[in-house]
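Hello,

Here is the structure you asked about. Please open it first, then read the notes below.

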Amino acid sequence: ANMLFVDGGNNAVGIGTGSPSYLLDAQDGGDAVIQARTTTNSSGNDAIFRASLAGSSAGDAYVQFDIDSVGGYALGIDNSDSDKFKLTYGGPATPSSGTTLLDITSAGAATFSSSVSLGGNLAFTAADGMEISAKESLIVTIDSDDNQSSRIFGVRSGASGSYESLMTLSETTGAVFNDDGLAALDFRVESDGNTHMLFVDG
């Protein structure tokens with residue numbers, strides 16, 4: 001095997017191969033690891049892998065993760081779609097081909113193509129709160145036990161660790177307002193000018 005092979009006719013360099021298929025082609029029978037590492041622990045010393053394009057008419061800048069005869073993922077810039085940053089799947093995938101799993105605009109808006117599972121909390125920091133919308137029908141399910149046997153949606157108040165339900169919607173109890181000792185609070189449906197259309201005095 002060639003430790004280092006330079007193909008001057010095709011402007012290619014092979015490491016571990018005498019037939020490089022790319023400008024730099026590193027192959028090994030075991031782990032194939034390429035490392036960029038700084039040796040000085042001080043500010044401004046970065047480790048960079050850079051994919052750069054000559055301009056807006058060029059192709060895409062991306063990293064590809066591929067399994068032979070199976071397919072794989074691509075992560076990078078789709079230069080033909082408003083420079084969105086995309087995660088795609090295909091065989092092999094590029095940011096402008098395959099199935100788009102996630103795209104992020106230059107303004108920071110992210111779109112997922114399927115379900116999103118969170119192992120922790122989800123925080124919304126926008127000044128105008130949260131908006132949930134859909135192109136067709138919209139179904140929002142908040143499930144407390146992950147099997148949809150008791151779907152629950154709650155609006156709560158109180159300090160952290162002492163939440164009290166202001167409103168709970170459940171398949172088992174229906175709609176409950178001012179639960180957990182909050183019966184002293186009123187429930188009102190108001191029109192313009194705060195005129196009571198419906199007023200239940202707790």
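**The second largest pocket**

Lining the second largest pocket are 13 residues, and Tyr22, Leu24, Val63, Gln64 and Phe65 lie nearest its centre. This is a predicted model: local features need pLDDT of at least 70, side-chain atom pairs count only at pLDDT 80 or more, and totals for chains, interfaces and linings use all residues. Residues are numbered from 1 along each chain as its sequence is written, and side-chain values use heavy atoms, without hydrogens and water.

A pocket is an open set of points on a 1 Å grid over the protein atoms alone, where a 1.4 Å probe fits, with protein on both sides within 12 Å along at least five of seven lines; lining residues have an atom within 4 Å of a point. The volume here is about 560 Å³, counted as the space filled by probe spheres set on the points.

Strands S3 (24-26) and S4 (61-67) each give the lining at least two residues. A strand is a DSSP run (E, at least two residues), numbered from the N terminus. S4 has the largest share, with 6 residues.

**Backbone points**

Gly91 and Pro92 are joined by a cis peptide bond, with omega about -15°. Pro92 sits in strand S6 (residues 84-94).

Ser69 is not glycine, yet its phi is positive, near 65°. Look for Ser69 in the loop between S4 and strand S5 (71-78).

Asp83 lies in the loop between S5 and S6.

Best wishes

Conventions. Helix = DSSP H or I, 4+ residues; strand = E, 2+ residues; numbered from the N terminus.
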